[in-house]
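Subject: Handover of a structure and notes on its contents

Dear colleague,

Please find the structure for your review below. My notes on what was found in it follow directly after.

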Amino acid sequence: MASDSSSSPPSSDEEEESAGQKPNVDVKTNSIDNSLDAIENQLSSIALKTSIDERTAPSTDYDHEPVVSEIDDGSLRESVSERQRSSIGESSSSRAAGLWRNNLEVEVELEAEVDGAPSSPSSSGYAGERGSSSSVTSASGTDAIRELRDNGSSMGDDGMVPLDSSQTQWIHGKRHADEDDASISWRRRKKHFIILSHSGKPIYSRYGDEHKLAGFSATLQAIISFVENGGDRVKLVRAGKHQVVFLVKGPIYLVCISCTEEPYDSLRGQLELLYGQMILILTRSLDRCFEKNPKFDMTPLLGGTEAVFSSLIRSFSWNPATFLHAYTCLPLAYATRQAAGAILQDVADSGVLFAILMCKDKVVSLVGLQKASLHPDDMLLLANFVMSSESFRTSESFSPICLPRYNPMAFLYAYVHYLDVETYLILLTTSSQAFFHLKECRIRIETVLSKSNVLSEVQRSLLEGSMRIEDVPVDPTARSGSLFHLNQRRLATDSQERVHETFVGIGGPAGLWHFIYRSIYLDQYVSSEFASPVSGPPQQKRLYRAYQKLYASMHDKEVGPNKTQFRRDENYVLLCWVTQDFELYAAFDPLADKSVAIRICNRVCQWVKDVENEIFLLGASPFSW
Amino acid sequence: MPSRRRTLLKVIILGDSGVGKTSLMNQYVNKKFSNQYKATIGADFLTKEVQFEDRLFTLQIWDTAGQERFQSLGVAFYRGADCCVLVYDVNVQKSFDSLNNWREEFLIQASPSDPENFPFVVLGNKVDVDGGNSRVVSEKKARAWCASKGNIPYFETSAKEGINVEEAFQVIAKNALTIGDEEEIYLPDTIDVGSNNSQQRASGCEC
């Protein structure tokens, strides 16, 4: 945060996201009484405020007993409400801050207004048994402040993987399947994702064994259902430095428990994507199954898809598409992309709903039947599904999939074939009988692509990378209309292999370290190559989180929409500029000069426009026909 | 990834306060008993893995609070239950009389698809107290009630002595399992592009 000036302790780069503190949610006994008490307290405090306009109501603290050691309490609360203002999107939410009886700082965000507190039972004295936590409280209080300051500097978990090879390096499937909620290691994980059914049966957990977590999952269901029974909805519980974010999708409950200090909107967006991924695999016909039979156990239907979910969760810490809601293209010469588009269009005319040619998470070309729109989120989920499922790599496949933004209720059929190690073709159709037709289409496409050298161009682009900050044209007269022109020049002089390692130390002009440009009309973004100051995975993840936070604050529905933001902290200068046409996110050296930084941002935007026909897919935007 | 399919069974334990629901569960899961009474607030959750006829499954046991003030939690708690265990104290007439209410309330709130055949199990607990001398509900009477409700399996248990607890839960698991076994084929719709755009149908895939 910009206002935090004190230095933060260096963070360790552990492999897993681990928190020093155990979650304050009482998982050991799996008893919900305490949480119910807390919620009840919130409900009554909200009831107290119903006469006040909820948008303007100040948060009120209810201390149920004197708090023993609150050295930092004032500043903590200040920062908490500060954070809250920037992290809660829905303006309809009523706010209440409160303390649990055992002195743990907890805030519960509820969605709808409550007309009076439900006449729920009070649990006399029971919370007291749990006591002995006042020392914990003060500790967690100061920790929360520290966490605020070093937000983003706590790498870990996914940080070990370089951004461009994350699909190949990590082990597929679930890690730490032996853990349950009683394991210290499980409690220390920084970010949990849990999916359960409305009857409290576990469906998926990022860490640990779902069945061993049955009690924990039941607790979550009890909390959610309890609030629901009162005609309300629980959105967020803040406990110490942990946020528990809830998302209810009919009979499916999704919960994220995180101490990563990501904004609420970001975490909620991640839960939405996780749900979307499940819908992509199964469609929302699930709802009907649960309607008919609340006992419905959907875990067998999800058999073998754990890698899909863990890979998606991983992408939440490296793939900007997960919060930008835009896709990115592999840079290609305009003619090359045109050639790819032409052959895809050819097969699309023969009854293929969408034809998508991708290289890793980047689009080479994509074509859809007229009026059929493909949402960037669907592309993200589809690409993740294909890339994380090992079986697609080894043979041509035909699989039912659902595009949640296109039609969440029904299946499409996807023909998937890898043309080389990184490049794959997806043909989507509505006909379950179309396999052989699509196979023919693929053979045709493959022939044309290799004849026209598209595939080798793709490989070359992969090697050369995207826009580089060193190439930002500082001198407006020296502009070049092509990205490849620059890259080729470099290739000629540098070693072929490690082009981007050659610029060490200073970053681009005026201390520019990195930028992301998102074109609003095209639903596409371009992200510059990572260079020296942010070349390591931990630095990249930290920057990613900073961008994510910046995005959330720019799109905050209560405060925003904002046009520009300039923020300086000990890590970066971050500059964000939002216009009708584009959004620019740029990171500079923390000592960068403001006016120079602004000038450089203008240059970047000009540069992007100069080379837009190489970095974007133009004229075929699938989402804005 | 689990190579073998496992089943999770949600088991709800109901009965008046003080009949020994938590003690039964503790005896079953932890093999422990405490004479001290500690009221359950809301609900407690325990899990236990059970092997049954070569299949592994997990019991998710919802130990609910017996006090009436917690009844409003019903719908939330009972939804999707695979089995319901009704517990009474053989030494307290009222706890036996309440069984009917508990059962009916459960069926209303949980609204299972086939209420007639929903698996219940009845446990008459605390048979050890006073060597059985303080007993007021006879086994015969209890069995008669169970028979009248569609032959609910009945066990006389002592959480304290561990009598019949294991056996009772075996039957609970077995009964929950038999009705959980019916499988449905999951068959969602396929997109009909024609409904989105009537022209598409004609140009749709010909194969």
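In these notes, a residue is called buried under 20% relative accessible area, exposed over 50% and partly exposed in between, with a 1.4 Å probe and protein chains only. Helices (H or I, at least four residues) and strands (E, at least two) are DSSP runs, numbered from the N terminus.

This is a predicted model, in which local features need pLDDT of at least 70 and side-chain atom pairs count only at pLDDT 80 or more, while totals for chains, interfaces and linings use all residues. Residues are numbered from 1 along each chain as its sequence is written, chains are lettered from A and ligands numbered from 1 in the order in which they are written, and side-chain values use heavy atoms, with hydrogens and water left out.

Overall picture

Chain A contains 20 helices and 18 strands. It has 625 residues, of which 62% are buried. With a contact taken as heavy atoms within 4.5 Å, 70% of the contacts in chain A with a separation of 6 or more involve residues 24 or more positions apart.

Confidence

The pLDDT, which is the predictor's confidence in each residue from 0 to 100, averages 75 in chain A, and 66% of the residues score at least 70. Residues 112-171 of chain A have a pLDDT below 50, and this stretch has 135 contacts in the model beyond near neighbours in sequence. The pLDDT is also below 50 over residues 492-505 of chain A, a stretch with 14 such contacts. Where pLDDT is low, the predicted coordinates should not be read in detail.

The sheet

Two strands are said to pair if DSSP finds at least two bridges between them. An open sheet of 6 strands in chain A has the order β8-β15-β14-β18-β17-β16, with mixed pairing. Its edge strands are β8 and β16 (564-568) of chain A, each of which pairs on one side only.

Strand β15 (residues 524-527) of chain A points Gln524(A) and Val526(A) one way and Tyr525(A) and Ser527(A) the other, and all are buried. On one side, β15(A) pairs in the parallel sense with β8 (residues 327-328) of chain A over 2 bridges, and Thr328(A) stands opposite Tyr525(A). β15(A) also pairs with β14 (residues 512-519) of chain A, in the antiparallel sense and over 4 bridges. The hairpin of β14(A) and β15(A) has 4 residues between the strands, and Asp523(A) in it takes a positive phi near 55 degrees.

Tyr517(A) stands opposite Val526(A) in β15(A) and opposite Leu584(A) in β18(A). The strands β14(A) and β18 (residues 582-588) of chain A run antiparallel and are joined by 7 bridges.

Helix α18 (residues 537-554) of chain A reaches 25 Å from its first C-alpha to its last, close to the 26 Å expected at 1.5 Å a residue, the expected span being 1.5 Å times one less than the number of residues. Of its 18 residues, 15 are buried.

Rings of Phe, Tyr and Trp (its six-membered ring) pair if their centres lie within 6.5 Å; planes under 30 degrees apart count as stacked, over 60 as edge-to-face and the rest as tilted. The whole structure holds 30 aromatic pairs over all chains. One of them is the tilted pair of Tyr415(A) and Phe435(A), at 5.7 Å centre to centre and 50 degrees between the planes. Both Tyr415(A) and Phe435(A) are buried. Phe323(A), Tyr544(A), Tyr547(A), Tyr551(A) and Tyr585(A) form one aromatic cluster.
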